[in-house]
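Visitor: Hi! Could you walk me through this structure? I have a few quick questions.

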Amino acid sequence: PEEIYIPNAFTPNNDHVNDVFRVITGNVTLHEVVIYNRWGEMMYRYTDPKGGWDGRYLGEIVKEDVYNVRVIYSNIYHVKKALATHVSLLK
């Protein structure tokens with residue numbers, strides 16, 4: 001089975017626990033993660049598998065809300081796939 005874990009919440013409050021939203025992969029190759037607000041505005045994008053979103057947009061922590069997430073990855077057979085989900089930013 002494909003090993004990919006997408007958290008459904010994070011808390012960017014600088015307590016060093018769950019401060020960054022990261023997609024965690026095992027046997028898949030991560031290509032891109034894009035986070036959008038509820039109006040479709042891109043808040044953050046990363047392509048580094050070790051990357052993540054610290055909840056900031058234009059230098060400021062965004063408001064507590066639910067954000068849409070799009071993940072592009074390849075499975076062990078090099079088939080590119082896309083997932084759409086959401087993440088709650090909690091303060």
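Visitor: Where is E41 found?
Guide: E41 sits in the loop between strand 4 (29-36) and strand 5 (42-46). Keep in mind that this is a predicted model.

Visitor: Which residues does E41 touch?
Guide: Setting aside residues up to four places away in sequence, E41 touches I35, Y36 and Y57. With Y57 there is also a polar contact of 2.7 Å between the side chains.

Visitor: New topic. What does the nonpolar core look like, and which residues touch the most other members?
Guide: The largest nonpolar core has 17 residues, and F21, V33, I35, W53 and Y67 touch the most other members. Strand 4, strand 5, strand 8 and strand 9 each give two or more residues to this core. Strand 8 gives the most, with four residues.

Visitor: What does Y67 touch?
Guide: Not counting residues up to four places away in sequence, the contacts of Y67 include I35, W53, V62 and L89. T85, H86 and V87 are also among them.

Visitor: How many salt bridges are there in the whole structure?
Guide: A search finds six salt bridges. In general, side chains of opposite charge can pair when their charged atoms come close. One of the pairs here is E32 with R70, at 2.6 Å from N to O.

Visitor: Why does that pair tie together separate parts of the chain?
Guide: Because E32 lies in strand 4 and R70 in strand 8, the pair ties together parts that are 38 residues apart in sequence. E32 is buried at 15% relative accessible area, while R70 is partly exposed at 31%.

Visitor: What about D65, which partners does it have in salt bridges?
Guide: R38 forms one with D65, with the closest N and O atoms 2.4 Å apart. That pair links R38, in the loop between strand 4 and strand 5, to D65 in strand 8, 27 residues apart. K63 also forms a salt bridge with D65, where the closest N and O atoms are 3.9 Å apart.

Visitor: Last one: which residues form a nonpolar patch on the surface?
Guide: I76, Y77 and V79 form one, with about 340 Å² of accessible area together. V79 is in the loop between strand 8 (65-74) and strand 9 (80-89), and V79 is partly exposed, with a relative accessible area of 41%.

Definitions and conventions. Residues numbered from 1 in each chain as written. Predicted model: local features only at pLDDT ≥ 70, side-chain atom pairs only at ≥ 80, totals over all residues. Heavy atoms only, no water. Contact = heavy atoms within 4.5 Å. Polar contact = N/O pair within 3.5 Å; in protein donor to acceptor, adjacent residues only side chain to side chain. Patch = residues over 30% accessible without salt bridge, like charges linked within 9 Å, V, L, I, M, F, W, Y side chains within 5 Å. Areas by Shrake-Rupley, 256 points an atom, 1.4 Å probe, with all protein chains shown as cover. Salt bridge = Lys/Arg side-chain N within 4 Å of Asp/Glu carboxyl O. Buried < 20%, exposed > 50% of the residue type's maximum accessible area, 1.4 Å probe, protein only. Core = buried A, V, L, I, M, F, W, Y, C linked by side-chain atoms within 4.5 Å.
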